[in-house]
Amino acid sequence: MTPELGQIALILALLLALAQSILPIVGAWKNNSAMMAVARPAAFGQGFFVVMAFVLLVWAFLHFDFSVQYVADNSNLALPWYYRITAVWGAHEGSMLLWIFILNVWTLALALFSGQLPEAFAARVLGVLGIISVGFLAFILFTSDPFGRLIPMPPDGGDLNPVLQDPGMTFHPPVIYMGYVGFSVAFAFSIAALLGGELEQAWVRWARPWTNIAWAFLTCGIVAGSWWAYAELGWGGWWFWDPVENASFMPWLVGTALIHAQAVTEKRGSLRAWTILLSIFAFSLSLLGTFLVRSGVLTSVHSFASDPRRGLFILCFLIVVVGGSLLLYALRAPKVAGGKPFAVVSRESAILVGNLMFTVAAAMVLLGTLFPLIGDALNLGKISVGPPYFGLLFPLLMLPIVLLLPFGPYLRWGKGEPQILKRVMLRALLAAVACAIVAAFFVDGKLKAIAGVAAAVWVAVGVLLYVVKRWREMPRGRRYPAEMAGMLFAHAGVAIFLIGVLLSESLSATSDVRMAPGETKTIGGYDFRFDGVRETQGPNWRADQGTVTVTRDGKPVAVMQPQKRTYTREQIQTESAIYPGLTRDLYVALGEPMDKQHIDGAWALRLYYKPFIRWLWFGGLMMMLGGFVSACDRRFRIRRTAIVDVAEPMRTSVLAENRT
Amino acid sequence: MNPTRKRRLIVVLLVVAAATVAVGLGVFALQQNMNYLFTPSQVQSGAASNHKTFRLGGMVKAGSIQRSKTSLLATFTVVDADGAMPVEYTGILPDLFRDNQSVIATGHMDNAHFVATEVLAKHDETYMPKELKDAMAKAHKDKPMPEGSDAGGSP
């Protein structure tokens, strides 16, 4: 019975989403308050039914309802309860349900906290979110039903993909979806602004905290994904330029550009059209990302073969959303453009350069990711684009951003003061060169590592100098408003991230070795002694577990136990053992036995010494923190009094618009 | 020039410069890093002779996997319907690497055998990469399988 209830809930949600999308937008156009007032109740209703459907699917998983195809495919009796919950988003259908669930969380939050927005604007925003909802609910109902029955009901189910059976996986997809879907709010604000022909830039201020929060979630999700690749996929890499990773990275790049462009638009009124365009791109890339990862377009490179209807639907939906919003943009953007002029040396210019680099980088990643599809369509053969393509282009594109970063806060809006910039440059440069020279003695002259230290110090000194300047010049309590504190956190995060990336990339020591029990290998000054492999058992897996004792100069450091697990359906999964540290990680993964009949004999092992690798995730988390802190700024809290001032001329402008 | 025009000019120049550099680098990097996929029979018929590095896709021939007694060197044979290619690889093989598993190896030819620098086997044992399936079908029949055209008319 529960699966049918879930289906009914989804159908009701679709109907309410239709109401939420059509009535308020028409109402805002006709200036009909009654129709606009439908937006919130419809959003609450839709939210209720989507949450109900989601809870019902969780319920089906928790109660082993194998009569539901999706449950039978992705769980079994031996799967622990927490992985049965995460199995909800372990495959395509459920992750689409998670997507719509999170979209409703955002919509509900917006419906609750938009009471102070002008009526017509709020109606349009909720209406646009409703349209997105309609698309996804229809997609789920017509092509990817998670509640489909399986008859006869099997006594036991299949298994959750073992790669997903990891604590990191419990929160990685929801967090990354919070980011993806969060960009729909920025998108909805932009579309609403275009629809209403908003002449004031106040709407950007209302959109900013939402965009910052979405961006922070996406940052967190990518960090978690990278960590998961490192720890779980087994082989110690943290970024592979794999299509699935790129899918989440493209919206992040555009989103990073967007949060900076929004700051310009809000403060100065410039770059309005660009800000709108970026929010359209950010959301479009989020959509593309969701579909690329989950529809099977990428794993089976070019085909939408698993279900042609699914592919067609996705294509149509993308065309409607991207094409429709770009068309609206082309028609309306000239009306909303404007703003104050700025000099070449100004904060606007610096942000613009950064924006260009981020968007070009996103385009570069997009080209590399979709190139196999393009090559296939043009009959060039079966092509894949190797990681060196990204590895070469990406750092080059990010270099100007790193170089500009220390100046950002010092640059004034409109026109910067060259003397101050020169002073900052001199200090940061001196510090960077000094640290690089000191570092050169420790890293055996490895250029990448030296560059890493120099770049990180360059950025860090820039941030620190500004912190000191504010501390000296501003009275207590007004030194670091949340918006600025967030910026400083995020920029400091960049410095930490640079250390992590460049030092771990250049100084890591790896070795794939054949080791017999009792044998010792030395990597990065640590002695790894292999003590053999024995069998062990888990709830739904058995494993060969190796023991590696690590010592340094004869002193014990760690005992590490990497595993090679075999899950119920004979899927094999490598569980690496990591001994973490602030300045280095030690990492051991089991390869395979040299003789399959004698697992107590020699094995292939991968040993890693990875200096400073943790810093790159820590840097990422700092950026995330920056996003959240910025969003808390008091300026973003909409107060009734503040609204009335800006809302009045805007409403009249909207009215004037409607009359013409 | 008035400030608006000047600003626009700067923006346009920046965009053009960035785009030129990006396109130039992008084309260069793409050319360096495009890896084509071939099956053993295609390689034997000389299709891969223009490519230094390419990807070899096919099935691991049953009973062909051999491990060295002293190092991590592994040798095995990758086959498709009409061809076979001996492969050498030094390192840890993926978890799902076994007889009759579909694999994609990246590497280059050294005389008559293929030296792989990377070997991939998919994480799902029932799954064969679509592009590999297509390539094998193409090599076998020299005409695409029906599924090849469902994305909307690719030949």
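Predicted model: local features only at pLDDT ≥ 70, side-chain atom pairs only at ≥ 80, totals over all residues.
Two stretches of chain A call for caution. Over residues 299–305 of chain A the pLDDT stays under 50, and the model gives this stretch 25 contacts beyond four places in sequence. Residues 640–660 of chain A also have a pLDDT below 50, with 20 contacts in the model beyond near neighbours in sequence. As you explore, please keep those two stretches in mind.

Now for the overall layout. Chain A is divided into domain 1 (1–165), domain 2 (186–408), domain 3 (409–507) and domain 4 (509–614). Pick out domain 3 of chain A and domain 4 of chain A: their centres, taken over C-alpha atoms, are separated by 38 Å. These two domains do touch, with five residues of domain 3 of chain A and five residues of domain 4 of chain A taking part in the contact. On the side of domain 3 of chain A that touches domain 4 of chain A, three residues are nonpolar, two are polar and none are charged.

Next, let us look at a pair of helices. Helix 6 of chain A covers residues 92–113 and helix 8 of chain A covers residues 167–196; their axes come within 9 Å and cross at roughly 50°. That angle makes helix 6 of chain A oblique to helix 8 of chain A, and the crossing of the two is right-handed. To find the contact in the structure, follow helix 6 of chain A through Ser95(A), Leu98(A), Trp99(A), Ile102(A), Leu103(A), Trp106(A) and Leu110(A). Facing them from helix 8 of chain A, the contact includes Pro173(A), Pro174(A), Tyr177(A), Met178(A) and Val181(A), as well as Gly182(A), Ser184(A) and Val185(A). Sorted by class, the contact between helix 6 of chain A and helix 8 of chain A has 12 nonpolar residues, three polar ones and no charged ones.

The axes of helix 17 (residues 482–507) of chain A and helix 18 (residues 613–631) of chain A come within 7 Å, crossing at roughly 165°. How do these two helices run relative to each other, roughly parallel or roughly antiparallel? With angles over 145 degrees counted as roughly antiparallel, helix 17 of chain A and helix 18 of chain A are therefore roughly antiparallel to each other. Their crossing is left-handed. In the contact of helix 17 of chain A with helix 18 of chain A there are 19 nonpolar, nine polar and two charged residues.

Notes: Residues numbered from 1 in each chain as written. Chains lettered and ligands numbered in written order. pLDDT = per-residue confidence, 0-100. Contact = placed C-beta atoms within 7 Å. Axes fitted to C-alpha atoms, helices over the stretch in contact; angles between N-to-C directions. Helix = DSSP H or I, 4+ residues; strand = E, 2+ residues; numbered from the N terminus. Parallel < 35°, antiparallel > 145°, perpendicular 65-115°, else oblique. Left-handed = near helix turned anticlockwise from the far one by under 90°. Nonpolar A, V, L, I, M, F, W, Y, C, P; charged D, E, K, R; others polar. Domains from an automatic or database assignment.
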